[in-house]
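Subject: Structure for your review

Dear colleague,

Please find below the structure that I am handing over to you, with the sequence alongside. My notes on what was found in it follow directly after.

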Amino acid sequence: MQNPLTHQQQAMIPIAAFTARGDMNRLTLALNEGLDAGLTVNEIKEILVQLYAYCGFPRSLNALGCFMSVINDRQVRGIVDEEGKTATPPMENWDSLTAGTENQTRLVGQTVSGPLFDFAPAIDVYLKAHLFGDIFQRDVLDWSARELATISALAAIPGAESQLKSHYAISRNNGITPEQFHAFVAVLAEKCTPDIATHARTVLAQYLNEAV
């Protein structure tokens, strides 16, 4: 049976997971496999940049440094990788907070609010303005690809069950099907570590049971 995820989508999964784990040895292999699968240099850069919002600057910067080394090594070996398109610049008078609020509402399917954001309103502004405004407006990746990278990273982070479940819902709202979720877990089991796959599978089962 044909895998419901493209080769490029499958390649994103271990890249994001090993970035979140900080496993540079396995990330090096995943980055090479991603380029060989047809991901462009800029698409991979975009994944690694976005993930700072989910696993922190240290993991993101280390992953970008690892990717730079991979690119340099491939160039030495005579491999020419496709650079890919760059992000369209924001329109004049761009308002990150307004755009991010609209993007977040579209992604989630409803307005996002709650006591946590009342308790710490600054984090609500940063999420809306920077993550969902500045980052999610960049058109190097579509939103389903961004969400696939996000659930891959969250599956690799212990203690992020609530966020992973929320992003399963956001992913479903943005076109990722249950069949693709199961294929996603299968890629984690094949390409990553058993605990990452188990974490993803357990939370996915919870999400699908609650979504019925």
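The side chain of Ser 171 reaches the backbone oxygen of His 167, at a distance of 2.7 Å. Please note that this value, like the others in this message, comes from a predicted model. Ser 171 is placed in helix α10, which covers residues 161–173. With a relative accessibility of 0%, Ser 171 counts as buried. Beyond its neighbours within four places in sequence, Ser 171 is in contact with Glu 147, Ile 151, Ile 176 and Phe 181.

Ala 155 lies in helix α9 and is buried, with a relative accessible area of 2%. Setting aside neighbours within four places in sequence, the contacts of Ala 155 are Leu 164, Phe 184, Leu 188, Ile 196, His 199 and Ala 200. Ala 155 and Asp 195 are 40 residues apart in sequence, while their C-alpha atoms are 9.0 Å apart in space.

Overall architecture

The protein chain has twelve helices and zero strands. For a chain of 212 residues, a compact globule would have a radius of gyration near 17 Å, and the protein chain agrees with this at 17 Å. Along the principal axes, the C-alpha trace spans about 55 × 45 × 30 Å. Of the 212 residues, 46% are buried. The accessible surface of the protein chain comes to about 10800 Å², and carbon and sulfur atoms account for 56% of that surface. Among contacts between residues at least 6 apart in sequence, 74% join residues at least 24 apart.

The domain assignment divides the protein chain into domain 1 (7–85 + 140–208) and domain 2 (94–139). The contact between them takes 14 residues from domain 1 and eleven residues from domain 2. The C-alpha centres of domain 1 and domain 2 lie 22 Å apart.

Helix α3

How many of the ten residues of α3 are buried? Seven are, so α3 is largely enclosed by the rest of the structure. The buried residues of α3 are Val 41, Asn 42, Ile 44, Glu 46, Ile 47, Leu 48 and Gln 50. These residues pack against α1 (7–21), α2 (24–36), α4 (52–55), α5 (57–76), α8 and α9.

Salt bridges

The structure holds eleven salt bridges, and I describe some of them here. Arg 138 lies in the loop between α8 (121–135) and α9 (143–155) and Glu 46 lies in helix α3 (residues 41–50), so the pair ties together parts that are 92 residues apart in sequence. The two partners may also be described by their accessibility. Glu 46 counts as buried, at 4% relative accessibility, whereas Arg 138 is partly exposed, with a relative accessible area of 31%.

A further salt bridge joins the side chains of Asp 81 and Arg 74, at 2.8 Å from N to O. Is Arg 74 buried or exposed? Arg 74 counts as buried, because its relative accessibility is 3% and the cut-off for buried is under 20%. Asp 36, Arg 74 and Asp 81 are linked in a network of salt bridges.

Within helix α8, Asp 124 forms a salt bridge with Lys 128. The closest N and O atoms of this pair are 2.5 Å apart. Asp 124 and Lys 128 are four residues apart, about one turn of the helix. An α-helix has 3.6 residues a turn, so residues three or four places apart point the same way. Both Asp 124 and Lys 128 are buried.

As you go through the structure, please keep in mind that the model is predicted.

With kind regards

Notes:
Residues numbered from 1 in each chain as written. Predicted model: local features only at pLDDT ≥ 70, side-chain atom pairs only at ≥ 80, totals over all residues. Heavy atoms only, no water. Salt bridge = Lys/Arg side-chain N within 4 Å of Asp/Glu carboxyl O. Helix = DSSP H or I, 4+ residues; strand = E, 2+ residues; numbered from the N terminus. Buried < 20%, exposed > 50% of the residue type's maximum accessible area, 1.4 Å probe, protein only. Polar contact = N/O pair within 3.5 Å; in protein donor to acceptor, adjacent residues only side chain to side chain. Contact = heavy atoms within 4.5 Å. Rg over C-alpha atoms; globule rule 2.2 N^0.38 Å. Areas by Shrake-Rupley, 256 points an atom, 1.4 Å probe, with all protein chains shown as cover. Domains from an automatic or database assignment.
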